[in-house]
Amino acid sequence: MTTADFRSRYGPRAIVAGAAVGLGAEYARQLAGRGLDLLLIDRDAAPLAATAAEIRAAHRVDVATLAADLARADIAAVVREAVGGGEIGLLVYNAAVGTVAPFLELTPAHCDAMLDVNCHAPMRLIHLLAPAMVARRRGGIVLMSSMSGYYGSAQLAVYAATKAFDLVLGDALWFELRPHGVDVLTVQPGSTRTPGWLSSQREGDDAPSLPVMEPPDVVRAALDGLGVEPNIVPGELNQQGAAAMRRMSRRDAIEMMSMITGQLVRNDR
């Protein structure tokens, strides 16, 4: 799809939620490169402003920012006010809370925060933005799930469950909204070199080595897949891994996922 076609289909402005660093910032860069104006949302105001300034300097697009916690119950009203009467052609929901820890070590408040950011907020923003897309008969929604959304895993009980929610929500919306001209894509990345991923890794020579993708490659695969498939797993090795897991019994897959998670996380206890 050419830059002009992409802007015509998903412009003039995209919202990227969770845009300050990592995959969200990379989505913002690549969408700007495809000619879309941006509204970037994140709770971390300083890195959000830095990413916006970088994009303004590199691309001839308008970049607005909204420093807001996506966990807040009135996030749709906050975003509605920031949008004003502007037209939003694309929503990329990248924000996530993803603590890696045994379930009983998580506080109920922290579990609620994961549900609010990972599940409630994307659902509320889709309710806010999708009706106008349907009325215009064009637009797009990208939801970031995870390969962990396929199966439960020790130390990822709540996070993986929220990503399963995003995956199933995206599947259903892909079918419901496609006849109205709105493309929905759910992306299931594996390990990706982002600040959040790096903070969860073990250090030292004994840390296991698994394939790690770079943010530009994940985002490029996602944007190229939008309007083509309901779901993608970026990266050939990740696709092979996902296919192998689907051939296992559910018990074996859960045990495998739990073992991999236990090997990868830093042992701070």
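Colleague: Where is the place of R137?

Modeller: In the loop between α5 and β5 (139–144). Helices here are DSSP runs of H or I with at least four residues, strands are E runs of at least two, and both are numbered from the N terminus. This is a predicted model: local features need pLDDT of at least 70, side-chain atom pairs count only at pLDDT 80 or more, and totals for chains, interfaces and linings use all residues. Residues are numbered from 1 along each chain as its sequence is written, and side-chain values use heavy atoms, without hydrogens and water.

Colleague: What makes the phi of R137 worth a remark?

Modeller: The phi is positive, about 60 degrees, although R137 is not a glycine. Most residues other than glycine have a negative phi.

Colleague: Which class does R137 fall in, buried, exposed or partly exposed, and why?

Modeller: Buried means under 20% relative accessible area, exposed means over 50%, and partly exposed is in between (1.4 Å probe, protein chains only). R137 has 47%, so R137 is partly exposed.

Colleague: What is the phi of Q155, and where does Q155 lie?

Modeller: About 75 degrees, positive, and Q155 is not a glycine either. Q155 lies in the loop between β5 and α6 (157–177).

Colleague: Why is Q155 called buried?

Modeller: The relative accessible area of Q155 is 18%, so Q155 counts as buried.

Colleague: How do you know that the peptide bond from G11 to P12 is cis?

Modeller: Omega is near 0 degrees there. P12 sits in the loop between α1 and β1. Most peptide bonds are trans.

Colleague: Which residues of helix α4 are buried?

Modeller: I75, A76, V78, V79 and V83, in a helix that runs over residues 75–83.

Colleague: How do you know that they line one face of α4?

Modeller: Look down the axis of α4: the buried residues fall within an arc of 160 degrees, so they line one face. The arc is that of the directions from the helix axis to the C-beta atoms. An α-helix has 3.6 residues a turn, so residues three or four places apart point the same way.

Colleague: What covers the buried residues of α4?

Modeller: The cover includes strands β1 (13–17), β2 (37–42), β3 (63–67) and β4 (88–93), along with α5 (108–136). Just after α4, G84 takes a positive phi of about 65 degrees.

Colleague: And what makes the buried residues of α8 a single face?

Modeller: The buried set is P215, V218, V219, A222, L223 and G225, in a helix of residues 215–225. Down the axis of α8 they fall within an arc of 165 degrees, so they line one face of the helix. Their cover includes α1 (3–10), α2 (22–33), β6 (182–187) and β7 (231–232).

Colleague: Why does L23 count as buried?

Modeller: L23, in helix α2, has 11% relative accessibility, so L23 counts as buried. From L23 to D224 is 201 residues in sequence and 15 Å in space, C-alpha to C-alpha.

Colleague: What class does G33 belong to, and why?

Modeller: G33 lies in helix α2 too. Its relative accessibility is 41%, so G33 is partly exposed. Leaving aside neighbours within four places in sequence, G33 is in contact with T3 and H59. Contact means heavy atoms within 4.5 Å.

Colleague: What makes A157 partly exposed?

Modeller: A157, in helix α6, has 40% relative accessibility, so A157 falls in the partly exposed class. The C-alpha atoms of A157 and C111 are separated by 9.9 Å, and the residues are 46 apart along the chain.

Colleague: How do you know that the radius of gyration agrees with a compact globule?

Modeller: The rule is 2.2 Å times the number of residues to the power 0.38, with the radius taken over C-alpha atoms. With 269 residues, a compact globule would have a radius near 18 Å, and the protein chain has 18 Å, so the two agree. The C-alpha trace spans about 50 × 40 × 35 Å along its principal axes.

Colleague: What share of the residues counts as buried, and how many helices and strands are there?

Modeller: Of the 269 residues, 47% count as buried. There are ten helices and seven strands. Of the contacts with a separation of 6 or more, 74% join residues 24 or more positions apart.
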